[in-house]
Amino acid sequence: MSASQSRAPHASPAVSAALVAAAVGIVGLLIVVPLASVFFEAFAGGVAAWWTALAHDPDTRHAIWLSLTVAPVAVAINTVFGVAAAWLVARFRFPGRSLLISLFDVPFSVSPVVAGLALVLIFGRQGLLGPTLAWLDWKVIFSWPGLVLATTFVTLPLVVRELIPVMEAIGPEEEMAAVSLGASGWQVFWRVTLPNIRWALLHGIVLANARAMGEFGAVYVVSGHIAGATDTMPLRVEKLFQEYRTPASMAVASVLAGLALVTLVAKFVIERRLEAESRDLEAARSTAETPA
Amino acid sequence: MSIHVRDISKSFGAFKALDRVSLDVPDGTLLALLGPSGSGKTTLLRIIAGLEHADEGVIVEDGEDITERHARQREVGFVFQHYALFRHMSVFENIAFGLRVRKVPTAEVRSRVEELLHLVRLEGLGGRKPAQLSGGQRQRVALARALAIRPKILLLDEPFGALDAKVRVELRQWLRRLHDEIGMTSVFVTHDQEEAFELADEVVVMNHGKIEQQGTPDAVFDQPATPFVMDFLGNVNVFHGRVENGRAFWHGIPIDYPDYPHAQARDARVYLRPHELEISPLSGNGQAVTGNGRASGSLPASVLRVTRNGAITRVACRPHGSDAELQVDVPTEVARGLQMDLVPGAHVAITPRKARVFLPGPEYVI
């Protein structure tokens, strides 16, 4: 099996050089330089000052802690929902299926601020479920559950969208084979379905986590922006910046930016595995005899 | 284990995949479900396996109604068209899967898998991943995996469809030997009549969700029950003719057809297989020949085209006084031995050795 080399057939050297220069220039100006300057600013006063800004401000510490707890919970909810929803959509044909797939995408097209407001309208004190929640003494808006809800909402498409095409490409035959060999539903899931989708799932999780950590708009609305209570990292960055504490703001921002770099590396590694898997899938489907 | 299928129907939306199909598979038989795509053969196989649920009808195994039994409990070995091997598992784990989910002790799993690797001649390849195997090897892993659980019946969906011609023939013969060794009731689906005829004890020809004919390969080939079967099993020349008083006429040549003894003439269709026609120089006229439908006499024709296809020479002719085209397959040896040159424009006599007559019935679809 030879990897196919794709090459633009008609680009002259001058044109391709100009295109490359333009692409590098735009990426550099819009992505690399700003990101580098965040790190530059964050460490302008030295590592000690960076560390102090992060660790010795109780509100900042709380914001980091809050982000590190809200994001994983939202991602976990997304993972369970994403796997179940993708399986439903990829394995069954039912009326309203296309509509359902379109609905998965709503969080991508709705402004996060609108999403936050919508949640307030449902779960807020004056909201639809307000009286019930008050009676139960559950605080959702301006509290931790609200943050989780908002974060889950905005990251909802990431896992399920990643899984649907992969599950459809794999097809139901392996699962059917497992059933005919005597496997129960859970055995099929753990031994066949999950191993087959693991890299796609991890890819979705990494993307969802990055989005969850960085979410600002929806969380801003539902959190009430209370320092030391409902401020997540992005909210904290904004607040410190508004208070003219730029070095502290940049220190928190550098943590978020660092996270983005880690995500980038993880994404790269996972995508290579995904490519290898899809090549395997193709090889397994190929009708050609390859000498082993 | 014998299988009895009774009045099974299955629809997918408006499409009727199976229409009250009944079928008996005697114990130890290797049976082929033969038909074009969309004839319902794969659906029937999946219903027998429990992977698909019939809308109506009953499946009985050895006198026991298993219609409602879950696929998991049917003890059926199923080999999928594209093998459906577990890609992330080694060959060993693929074969072991059915034993592992049954919580068979590890030592027993090991010995059973080794035994199967030996049976399918893949010793030493247990550590490979499916992607590292050739198509024929994957096919054998799929078979070993299905056999590991000691199924009562073995079902194979287009088992050789994804292999190239040479491997296909080898594996076919190997599967036949394997079946003779273990003697398990087996059903396989194919659209390739050669495969069905070479491999199977019994052939079931399906079309449009119905069974057209069931019988031994010889019976099905020699006495096709319907025009569809005749048509599907290889090339055939079809002509309009007339039938009356127990005889049909094709270009004036009488063919016995005792099923229609009436005096009133009726339209009929005459089916002639290209290899059941004889060709001779026009002067040496043919004699009466016998067969299923007795035909006598010969027909003058002129040669249109001649193509050599290895051992067979195909001759396209046009009967004199007709604009129909007739295909005749002659063994190349015989063609060479003729007292004439088979070239376009040559005049020949065509003698049918065998002909079949079908009256167009309401069920007849072309």
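Which residue lies over the face of B:F221? B:R273 does, at 4.0 Å from the ring centre. The model is predicted.

**Strand 19 of chain B**
- Strand 19 of chain B spans residues 347–352, and five of its six residues are buried.
- Strand 15 (residues 277–281) of chain B runs antiparallel to strand 19 of chain B, and five bridges join the two.
- Within strand 19 of chain B, B:A349 is the bridge partner of B:S280.
- Strand 16 (residues 299–309) of chain B also pairs with strand 19 of chain B in the antiparallel sense, over four bridges.
- Here B:H347 of strand 19 of chain B is the bridge partner of B:S302.

**Aromatic pairs**
- Over all chains, the whole structure holds twelve aromatic pairs.
- One of them is the tilted pair of B:F86 and B:F97, with 4.6 Å centre to centre and 45 degrees between the planes.
- B:F86 lies in the loop between strand 6 (76–79) and helix 2 (91–100) of chain B, and B:F97 lies in helix 2 of chain B, so the pair ties together parts eleven residues apart in sequence.
- Both B:F86 and B:F97 are buried.
- B:F228 and B:F232 form a stacked pair, at 5.5 Å centre to centre with 15 degrees between the planes.
- These two residues are four apart in helix 8 (residues 227–232) of chain B, so about one helical turn separates B:F228 from B:F232.
- B:F228 counts as buried because its relative accessibility is 16%, and the cut-off is under 20%.
- In chain A, ring pairs link A:W186, A:F189 and A:W190 into a cluster.

**A further charge over a ring**
- B:R145 lies over the face of B:F86, at 4.6 Å from the ring centre.

Notes. Residues are numbered from 1 along each chain as its sequence is written. Chains are lettered from A and ligands numbered from 1 in the order in which they are written. This is a predicted model: local features need pLDDT of at least 70, side-chain atom pairs count only at pLDDT 80 or more; totals for chains, interfaces and linings use all residues. Side-chain values use heavy atoms; hydrogens and water are left out. Buried means under 20% relative accessible area, exposed over 50%, partly exposed in between (1.4 Å probe, protein chains only). Two strands pair if DSSP finds at least two bridges between them. Rings of Phe, Tyr and Trp (its six-membered ring) pair if their centres lie within 6.5 Å; planes under 30 degrees apart count as stacked, over 60 as edge-to-face and the rest as tilted. A charge sits over a ring if NZ of Lys or CZ of Arg is within 6 Å of the ring centre and within 35 degrees of the ring normal.
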